[in-house]
Amino acid sequence: MNIQSFWTATAIAVAVSLLHGVIVTLLQVCETQHLWTIRFSLARYEHIWWTAIAFPLVASFGSMVLSFLSGNNNDSLVIILLTCASSLAVFRYVWPAWRNRHYYSNRWAVWTGPSRTGIDSSLVPLIQGNDPWPILSESAPVIKQLPVDINVPIFKSNLIVCDPTDILKANKHLIDTVTKQSENQSDEKLKMAIKPLLREPDDKTGLYAPIHPDSSASLLWGSHIGFSPRVSRGILAVPKRLLQSSPLTYSGHDGQPICLAHGILARNKGLQPHTFILSLNSGRLEQKCVQWPRPSKVLRTYYHEEMNAAYGGLGPEFVDAATELALILADSSYHLIDDWLSLRMEHQDHALNNQLARLGATDEELKVLYRLSYAAMLVSLSAHRKGRKWRPEMKLFIAYWKKCKEDMPPWIREAAVVERIVNEESGAGDTDLDGLIEAVLYDIAPRYV
C-alpha cells in the first residue's frame, strides 16, 4: 500500500509538472510570436485549466500523506516538496486566474469586436450584392494571415477568417489580371470591369454612408456580417507591459482599463479621427454619470500620459476622449462593460447612419454625426445600465446643431427620427442625459464647424 501510494503520487506529480511546462511554454510562444488572438482566447479559460492542474497536485499530496500515515516516514521530504508545489499552483496561478477571469473576458471582447476600416476608392465597387462577403472570400485566392490574425477554433466554423481589405485586394488583383489577359478588350471595357456601387450601403455590406466614386469609404465588419473574431492589428502598437495577465501603466498603476481602452480605440476610429468634436468638462461628466463618484479619477494624470504617448498625433480632443474612456472603464463593472460591448455601443450607429442617408441627410450632416461619435461613445458608457440599447447620437447631433448652426435639417421631423429621439430619451431612464451631453459639448463654438 505504501509503495503503491508513493508511485501514484509521483506519477501524478510528474504528469502535472509536464503539463504545466507545456502550458507555460505555449503562452510564452503566443506572446513572443504575436499570436494574440490565440493568447487572448486561451486566457478566457485560464482559471479552468489552472484549477484542473491544481487538483491533481492536491490529490498527489493526499496520496503522500496517506503513505506517511501508513508508516512510510521516508516520504516526509516529498510531502514537503508537494506542499510547496500545491501552494505555488494555487496562489501563483489559480487565484490570479479566477480573480481576473472577467477582465480576460472583457479583454477578448474589446480586442475582437467589430472593426471600422477604411476602404480604398478602387476597392469599394467590389462590395456588391445582398450578402457580398461570403462570395468575395470564396473567389479570393489563398491569403497569408499575419500572426495576430491566426486562431485555432475548437469547432469548425463557416465564418470568414481573412481581413476584408485583404479579400478586396486579392479580388481586385484577380480581376486586373484576367482583364489584362483579354487580348481584344477595349479601354472602355477595361474601365467597366469594376462597376460603381449599385445601391445604398446596408447592414450586409457594412459600409457607412456617404459613398462617392473615387472616394474612400468606411466599413464596419465583424461577426455580424460573417467574419471570424480576431484581435485587431492595432495591438502591434501597444506596449507589451499592457498585454500581460496583470498589466501595468508606465507609472506602475493598474493597466487593465488602459488595455481595454486601447482595444476599443484600435477598432472604432474611422477615416478622420483627428476631426472628432469634443469639448470635455470632466468634472461635470463625473458628477452626471452612473459610475459616480468615479474613484479612479485620481489617476487622470497618469492615464493622460499613457494616452498622449499613444495618440498625441491625433490631437488633444482624441487624447482627452481616450483618457476619459479608460477612466470610465476603470469605474465600470465587468458585467456593465460586457453588456455595453455586446450592443456595439463603442461604434457609431451603423443602422442610423444608413437610415439618415436614405432620408436625405447631406454629406455635411453625416460627417457631423461621425465627428460626434466619440462624444456619443463617452455619453453612452456614462449613462449605460443593463438593458439600455440606444446611443444618444441624435440627442448629441441636435445639441451640437443648435450651438453651431441655424435651421435644423428637414429630416429631423421624419417619424423614424422622432421615434429614435424618443427612444434615446426614454432609454436613459433616470440618468441626466442632457447633463452628460452638455459635459462633452461644454465649450463648443462655431470653430468646430
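Visitor: What percentage of the 449 residues in the protein chain is buried?
Guide: The model is predicted. A residue counts as buried under 20% relative accessible area. By that cut-off, among the 449 residues of the protein chain, the buried share is 48%.

Visitor: Among contacts between residues at least 6 apart in sequence, what percentage joins residues at least 24 apart?
Guide: Contact requires heavy atoms within 4.5 Å. Taking the contacts in the protein chain between residues at least 6 apart in sequence, the part that joins residues at least 24 apart is 80%.

Visitor: Are helices H5 and H13 roughly parallel or roughly antiparallel?
Guide: H5 covers residues 101-112 and H13 covers residues 334-342. Their axes come within 10 Å and cross at roughly 20°. Angles under 35 degrees count as roughly parallel, so the arrangement of H5 and H13 is roughly parallel.

Visitor: Is the crossing of H5 and H13 left-handed or right-handed, and which residues of H13 make the contact?
Guide: The crossing of H5 and H13 is left-handed. From H5, the contact uses His102, Tyr103, Asn106, Ala109 and Val110. From H13, the residues are Tyr334, His335, Ile337, Asp338 and Leu341.

Visitor: How do the residues of the contact of H5 with H13 divide into nonpolar, polar and charged?
Guide: Tyr103 of H5 and Leu341 of H13 are among the contact residues, and Tyr and Leu count as nonpolar. Asp338 of H13 also takes part, and Asp counts as charged. The division for the contact of H5 with H13 is six nonpolar, three polar and one charged.

Visitor: How are helices H15 and H17 arranged, roughly parallel or roughly perpendicular?
Guide: The axes of H15 (residues 363-371) and H17 (residues 393-404) come within 10 Å, with a crossing angle of roughly 110°. Angles of 65 to 115 degrees count as roughly perpendicular. H15 and H17 are therefore roughly perpendicular.

Visitor: Which residues of H17 make the contact with H15, and is the crossing left-handed or right-handed?
Guide: H15 contributes Glu365, Val368 and Leu369 to the contact. H17 contributes Glu393, Phe397, Tyr400 and Trp401. These residues divide into five nonpolar, no polar and two charged. The crossing of H15 and H17 is right-handed.

Visitor: Is Arg294 buried or exposed, and what is its relative accessible area?
Guide: Arg294 sits in the loop between H10 (282-288) and H11 (300-311). Leaving aside neighbours within four places in sequence, Arg294 is in contact with Glu286, Cys289, Arg300, Glu324, Leu327, Ile328 and Asp331. One of these, Leu327, is 33 residues away along the chain, with a C-alpha separation of 8.1 Å. Arg294 counts as buried because its relative accessible area is 0%.

Visitor: Which residue is joined to Pro293 by a cis peptide bond?
Guide: Most peptide bonds are trans. Pro293 lies in the loop between H10 and H11. Its cis bond has omega of about 15°, and the partner is Trp292.

Visitor: What is the phi of Asp214, and is Asp214 buried or exposed?
Guide: Most residues other than glycine have a negative phi. Asp214, in the loop between H8 and E2, has a positive phi near 65°. The cut-off for exposed is over 50%; at a relative accessible area of 74%, Asp214 is therefore exposed.

Visitor: Where is Thr275, and is Thr275 buried or exposed?
Guide: Thr275 is in the loop between H9 (256-265) and H10. Since the relative accessibility is 16% and the cut-off is under 20%, Thr275 is buried.

Conventions. Residues are numbered from 1 along each chain as its sequence is written. This is a predicted model: local features need pLDDT of at least 70, side-chain atom pairs count only at pLDDT 80 or more; totals for chains, interfaces and linings use all residues. Side-chain values use heavy atoms; hydrogens and water are left out. Buried means under 20% relative accessible area, exposed over 50%, partly exposed in between (1.4 Å probe, protein chains only). Axes are lines fitted to C-alpha atoms, for helices over the stretch in contact, and angles run from 0 to 180 degrees between N-to-C directions. Helices (H or I, at least four residues) and strands (E, at least two) are DSSP runs, numbered from the N terminus. Angles under 35 degrees count as roughly parallel, over 145 as roughly antiparallel, 65 to 115 as roughly perpendicular and the rest as oblique. A crossing is left-handed if the near helix is turned anticlockwise from the far one by less than a right angle, and right-handed if clockwise.
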